Amino acid sequence: MSDSRFETFETAWCPGCGNFNILDSLKNALDELALDPHDVLMVGGIGQAAKLPQYISANSFSGLHGRAVPPAAAAKIVNPALTVIINSGDGDSYGEGGNHFIHNIRRNVDIAHFIHDNQVYGLTKGQASPTADKGSVTPVQVEGSLNIPFNPVLMAIAAGAGFVARGFSGRPEHLKELMKQAIRFKGYALVDILQPCVSFNKVNTFAWYSQRVYELDKEYDRGDRAAAMLKSMEFGDRIPIGVLYQEEQPTFHEQHEVLKNGQILAGRKNDPELVRELMLEMV
Amino acid sequence: MYNLLVGGAAGQGVDTAVNTLEALLKAAGCGVFTVRDLMSRIRGGHNFSLVRFGEETPRSHSERLDGIIALNEETIALHRDKLKPEGFILCDESVKTDDSRAIPLKLQGIAKLLGSGRAAGSVAVGAALRLFSTPIDGARRVFEKSLKPGLVEMNVKALEAGYRAVEPRFERVGGSHAGEMILTGNKALALGALAAGLQFYAAYPMSPSTSILEYLASVSLKMGIAVEQAEDEIAAVNMAIGASFTGARAMTGTSGGGFSLKVEALGLSGMAEVPLVLVDVQRPGPVTGLPTRTEQSDLKFMISASQGEFPRMVIALRHHEDAYRQTIRAFNLAEKYQIPVILLSDQYLADGTATMPVPDPAKAEIYAPEDVPAEGGYARYRFTESGISPRKFPGTRDGFVSADSDEHDEYGKIIEDSETRIRMMNKRMGKLELLKRELEEPQLLGDERPEVLLIGWGSLYGPLEEAVRLLNAEGKARYGALVFGDVWPLPDRLLREKAAGARALIHVEQNYTGQLAQLIREQTGIRTDAGILKYDGRQLSGEEIVRRLREEGY
Ligand SMILES: Cc1ncc(C[n+]2csc(CCOP(=O)(O)OP(=O)(O)O)c2C)c(N)n1
Ligand code: SF4
Ligand SMILES: [Mg+2]
């Protein structure tokens, strides 16, 4: 698109990495949503995926490994006019940041969380991530991973998330549509994105995913939570992609007594007379 | 000045009795200071409070008691050795004691007659106030503020009954404190934060910091601010950083254990140059330690926490007015230099209450940076002469705003080259030099030209003030004390000056290793000659400092 408002920059990713398509899909999604880049805040933790906020022309916050969600939620809390998007890795989001993942589903601040799920720790050169298949052999899991793979979409639905989707970086058009829906969704929206890591994951490759993924069709009822949980458990010979579950529920802002009327805390000052009243209560 | 101890089992209403006492003493014009000695339990265990009052607001407790209100027998057994010969013990007539100072009253009997044994504390408070010749005119108003409407009448009557049950014994004291606030150190800090423009507070509950979270939550609707209980301390501090990055004045608070979890993010605030105010209300460590008691053992932790090197400031809070003023200052310094500023409090100050004049929040200075027009596109980490890059917030049309924990260039993009690294390090660390110009010297108490110089910090202000007063009254030598508020960077002008004229330097600290003394030696080469240290979770009193000093031969 020539009238694109979002620019992307040179990356430090390996040639052939699934991250490139994710960056393209995101840029196209943002353009199609006609967002002003100045109103977009991209947030990442640390990892290969988490570098994405550095590669697109928008505001960015590159914080700590595992800690992308808390500052993102807080940024939205204090300035709801911003579109806040997290791009981070599976290790970052589900491992180091697992507690924030669970509790920000419950907090339901209106942010979109895009997780580049390559089933490995890419930046630290290929150790098992929480989503690694059982038996994955890595420099650390030398006899193969013993742990049960973490199922982020099932977990998210169980914890009460209102928008849970899975995408595949090998289907960029489909992914772009998922991203648009997630950004537009009011509340916490999760898109777990299957992302081949060409350098460190020689099992879950483009070909491996391509043979298995299929798009959920119009028949699929994304409003049925029990069915969505069952569908979320499908991961093996066939892997469903698309919106697994969607159900609007009151957001953090809508329920918050201070924020629900549009209060913007960023740049705000306190009224000294109110502080004085508090002081006089202590007299 | 008088000293009254109120003791009983947890759940027996010690706190209610103390609140009533404080309010009525203040209404009568007294300056009041109370320390709470709490057990880390909800029920059972021995709790007591020391209420000290007089013409001026006392700033520390004393061990020499004029009276004891004993809501149970244990209180007498535990504390009678500290009661002066002419002191009194107010207790229920059922309590068995051979102490001739006891004044047994029908505390329970009167209370039950009025409707509930729970009003026994009010009977005792009424009697105590009478013994101190203090009027109880404001009683109804006090109870209306603190009790459910159904309980007010009963407690007023209980108080009056106690008042009539004894004769005045001590001369009335009092000053002009009736119009002042009475509040805990944590509330003074919270009010400072609000006056400074706090918009976002995130924390995870941990004693003795929790009452900051609870108080701010209780006023959040009125103030129109966000107060969030985070899923853990790591989330709390990262949320505060996110809020500050986006343009809201933000703070996070905890005690040492929670601070341990925040350490990495402390460095993020330094590296990404996001202003942040962090509160550490110290309690005895390590780990869970003594959860409801006091200590000053986090000083070296605060000045060195987090990997790498970055500028930070650490301010120890000395007393209630200091807590209010320094919190405002912390917000301004954090914002001006785009650094983390740590407020170091402790349980003694945090839970202790004191009377304090009502400050004028409209006069709270709020740092407002000049709006520098962006030249050549906005760059968050623009190299400037001062090293301070103008802040903008996401949403600005002047460009993009970024924060980065990686080493970065002026635009916040990751770099690896040595030249940019060196320039960025110099830019950040240079702010530490600027910060040194903002430092406040420690406060000198006692003699202007001390022969014996005591050195302390934070909430030992009150005990040290009392100690030098007692020592100088004896007239054997000239005593002074330097009490540090700013501890990092360490101001050293007054210290060097007073140390040069003194024959002995003695550090006084609530820890095992003498952390300030070590810091002073590291920063100035000045060595102390002896130390008075305490680490049992109980604050030194002025009298104890004097006693220990004598033992050391000074
Ligand atoms: C506190 C902390 N622990 C460990 C690391 C090292 N580290 C950086 S990225 C990473 C894992 C990255 O994996 P993931 O989040 O899946 O991202 P990917 O690189 O695969 O995109 C680790 C362990 C760190 N930076 N910080
Ligand atoms: S290591 Fe893997 S995830 Fe990282 S850039 Fe290379 S291919 Fe992509
Ligand atoms: Mg990964």
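Which residue of chain B forms a salt bridge with Arg107(A), and how far apart are the closest N and O atoms? The partner is Glu228(B), with the closest N and O atoms 2.7 Å apart; the legends below place this pair among other views.

This is a predicted model, in which local features need pLDDT of at least 70 and side-chain atom pairs count only at pLDDT 80 or more, whereas totals for chains, interfaces and linings use all residues. Residues are numbered from 1 along each chain as its sequence is written, chains are lettered from A and ligands numbered from 1 in the order in which they are written, and side-chain values use heavy atoms, with hydrogens and water left out.

**View 1. Interface between chain A and chain B.** Contact (heavy atoms within 4.5 Å) involves 56 residues of chain A and 66 residues of chain B. The buried area, defined as the accessible area (1.4 Å probe) that two parts lose on being put together, summed over both, is about 4900 Å² between the chains, and carbon and sulfur atoms give 61% of it. Met279(A), Met282(A) and Val283(A) supply 15% of the area that chain A buries against chain B, more than any other three residues. A salt bridge is a side-chain nitrogen of Lys or Arg within 4 Å of a carboxyl oxygen of Asp or Glu; there are 6 between chain A and chain B, including the one from Arg107(A) to Glu228(B).

View 2. A residue is counted here if one of its heavy atoms lies within 4 Å of the ligand. The residues around ligand 2 include Trp13(A), Cys14(A), Cys17(A), Gln48(A) and Asn118(A). Further along chain A, Gln195(A), Cys197(A), Val198(A), Ser199(A) and Phe200(A) also belong to this shell. By class, 6 of the residues are nonpolar and 4 are polar, with no charged residues; Ala, Val, Leu, Ile, Met, Phe, Trp, Tyr, Cys and Pro count as nonpolar, Asp, Glu, Lys and Arg as charged, and the others, Gly among them, as polar.

**View 3. Sheet with strands from chain A and chain B.** Helices (H or I, at least four residues) and strands (E, at least two) are DSSP runs, numbered from the N terminus, and two strands pair if DSSP finds at least two bridges between them. An open sheet of 9 strands with mixed pairing has the order β9(A)-β10(A)-β7(A)-β8(A)-β4(A)-β3(A)-β1(A)-β2(A)-β15(B). Its edge strands, each pairing on one side only, are β9 (213-215) of chain A and β15 (402-404) of chain B. Strand β9(A) runs parallel to β10 (residues 239-246) of chain A, joined by 3 bridges, and Val213(A) stands opposite Ile239(A) in β10(A). Helix α2 (residues 69-78) of chain A packs on the sheet, touching β1 (40-44), β2 (59-62), β3 (83-89) and β4 (112-117) of chain A. The direction of this helix makes about 175 degrees with that of β3(A), where axes are lines fitted to C-alpha atoms, for helices over the stretch in contact, and angles run from 0 to 180 degrees between N-to-C directions.

**View 4. Sheet of chain B and helix α12(B).** In chain B, 8 strands form an open sheet of mixed pairing in the order β6-β5-β4-β1-β3-β2-β14-β7. The edge strands are β6 (102-105) and β7 (181-184) of chain B, each pairing on one side only. Helix α12 (residues 320-337) of chain B packs on the sheet, touching β2 (31-37), β7 and β14 (353-356) of chain B. Within this helix, Glu321(B) is 262 residues apart from Arg59(B), which lies in the loop between β3 (46-54) and β4 of chain B; the two side chains meet in a salt bridge (3.4 Å, N to O).

**View 5. Backbone details in loops of chain B.** The peptide bond from Gly285(B) to Pro286(B) is cis, with omega near -5 degrees, and Pro286(B) sits in the loop between β11 (276-282) and α11 (299-304) of chain B. Glu273(B), in the loop between α10 (256-272) and β11 of chain B, has phi near 55 degrees, a positive value in a residue other than glycine.
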